[in-house]
Amino acid sequence: MAPPDLSNEEIRRYSRHLIMPEVGMGGQRRLKQGSVLLIGTGGLGSPLALYLAAAGVGHIGLVDFDVVDESNLQRQIVHGTSTVGLAKTESARRRLHDLNPLVEVTTYETPITSANALDLMRPYDIIIDGTDNFPTRYLTNDAAVMLGKPNVYGSIFRFEGQVTVFSPKDGGPCYRCLYPEPPPPGLVPSCAEGGVLGVLPGVIGTLQATEAIKLLTGIGEPLIGRLLLYDALEMRFRELKLRRNVNCPVCGDHPTVTELIDYEQFCGIVPEVQTLSSQYEITPVELAALLETPERPFLLDVRNSYEVEIASIEGTDLLIPVDQLAEQINKLDSSVEIVVYCRSGARSGQAVEMLKAAGFRKVKNMVGGVLRWSDEVDPTMAKY
Amino acid sequence: MAITITIPTALRQYAGNNATVALEADTVGALLHGLIEQYPTLGKHIFDSGKLRSFVNVYVGDEDIRYLQGEATPLKDGETVSIIPAIAGGR
């Protein structure tokens, strides 16, 4: 099908593209004809959505089930103070409509799952992975490979980012060629646990947007078979070679994974109740009551020292960051009741598992961490 | 033979907060074992029961050691070896 013509309004709006011969009328019409599905409307999805809409990509799909939170605004620039509390898809749709009412935006306020991924992706030319967890990254990869669509990949951690284009149909590798298996849960911290420099997803997301625009217009050298690494602290870009693995279970010569699987299970994620029984848990309200009694437990904080400066529970007995717990375990007395806490309850859950494995029996995880303590016990405590 | 190892952000806390470490070694395997001898807590993040973890890639220059000779890949003086683990952040 020939790309659609541009209206005079579109010619005015896109004139800075049109006067470059590499894009020109032909390229701009291909952008108008093009469609992109953004998985995630967060740190990476924000600059992606803004630049793709501004560039005149005809149809943009947004998949997200999250709600805009104040702590998102340090980096998720498609959202704003006025849309805190709103669904991210709707918040982004409003901003994109203001930026460029000439592009069509479709929102899907749902998590992407093995049941809906293929249907969500099918209408789009390009898939962009801006998610924040391993199960969704493997799901996005596998579904894109099965549909023969390019997957513009970006991921970030603290000060570091990775970008590439996975496109086995063009002879390139897929995500599973790069990383055949996910890390076990808990070994690689997420941005929520590890933090992220706010401007970092801006850099990585705009690189992804650049690749999507190149793919749609057919110009330049796509980032297929190359992994671009960015280190913001060193201010250094590096490039590594990526190859398609002929034995890859998804994109290899004889694929063994031909339909979408249970990606939570693939990534070793099991429902929390199975990993931690309630005898090893305590709620913030229960702990607060217990701290008032003479039998108060020993309170162990497993966060990092810079987090203590932000917020801390009064009466904390000891701080041992979770990654130093194994070395400093001798500082703890297994005969006393110990309650462990962190920001959200994830690291303290790991710490409790570690202590249980070391023979501690009177140890409990404060579920929900400082965040829930702030909600249920002490609203003056800062949430971060 | 001095080889430079680049340590990714996620693992720097286990390597004395260094972005790079210089060591002498003839092969990738010897280099990585020398590294974890120096920084023992790094070990479990790179190896699992003696094998390189499948979400940790190792490159000599810009080439993945899976397409060279794995841990037996020989190293030349002045080469850079990069440890690149999977990261998933996007929000």
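## Exercises on a predicted model

In this predicted model, the end C-alpha atoms of residues 293-382 of chain A are 25 Å apart. The UniProt record, an unreviewed entry, assigns "domain: Rhodanese" to residues 293-382 of chain A.

**Exercise 1.** Work out how the axes of H3(A) and H10(A) are oriented, and which residues make the contact.

*Solution.* 
- Step 1. Locate the helices: H3 covers residues 24-33 of chain A and H10 covers residues 200-217 of chain A.
- Step 2. Take the geometry. The axes come within 8 Å and cross at roughly 110 degrees.
- Step 3. Classify the angle. Angles of 65 to 115 degrees count as roughly perpendicular, so H3(A) is roughly perpendicular to H10(A).
- Step 4. List the contact. H3(A) supplies Gly27(A), Arg30(A) and Leu31(A); H10(A) supplies Ile213(A), Leu216(A) and Thr217(A).
- Step 5. Sort these residues: three nonpolar, two polar and one charged.

**Exercise 2.** Describe the side of chain A that touches chain B.

*Solution.* 
- Step 1. Count: 34 residues of chain A contact 21 residues of chain B.
- Step 2. Find the elements giving two or more residues: H7 (134-147), E5 (151-157), E6 (160-166) and E8 (236-241) of chain A.
- Step 3. E5(A) gives the largest share, four residues.
- Step 4. Sort the chain A side: 14 nonpolar, 10 polar and 10 charged.

Key. Residues are numbered from 1 along each chain as its sequence is written. Chains are lettered from A and ligands numbered from 1 in the order in which they are written. This is a predicted model: local features need pLDDT of at least 70, side-chain atom pairs count only at pLDDT 80 or more; totals for chains, interfaces and linings use all residues. Axes are lines fitted to C-alpha atoms, for helices over the stretch in contact, and angles run from 0 to 180 degrees between N-to-C directions. Angles under 35 degrees count as roughly parallel, over 145 as roughly antiparallel, 65 to 115 as roughly perpendicular and the rest as oblique. Two residues are in contact if their C-beta atoms, placed from the backbone, lie within 7 Å. Ala, Val, Leu, Ile, Met, Phe, Trp, Tyr, Cys and Pro count as nonpolar, Asp, Glu, Lys and Arg as charged, and the others, Gly among them, as polar. UniProt positions are given in the numbering used here, feature names are shortened, and annotations may be inferred rather than shown by experiment.
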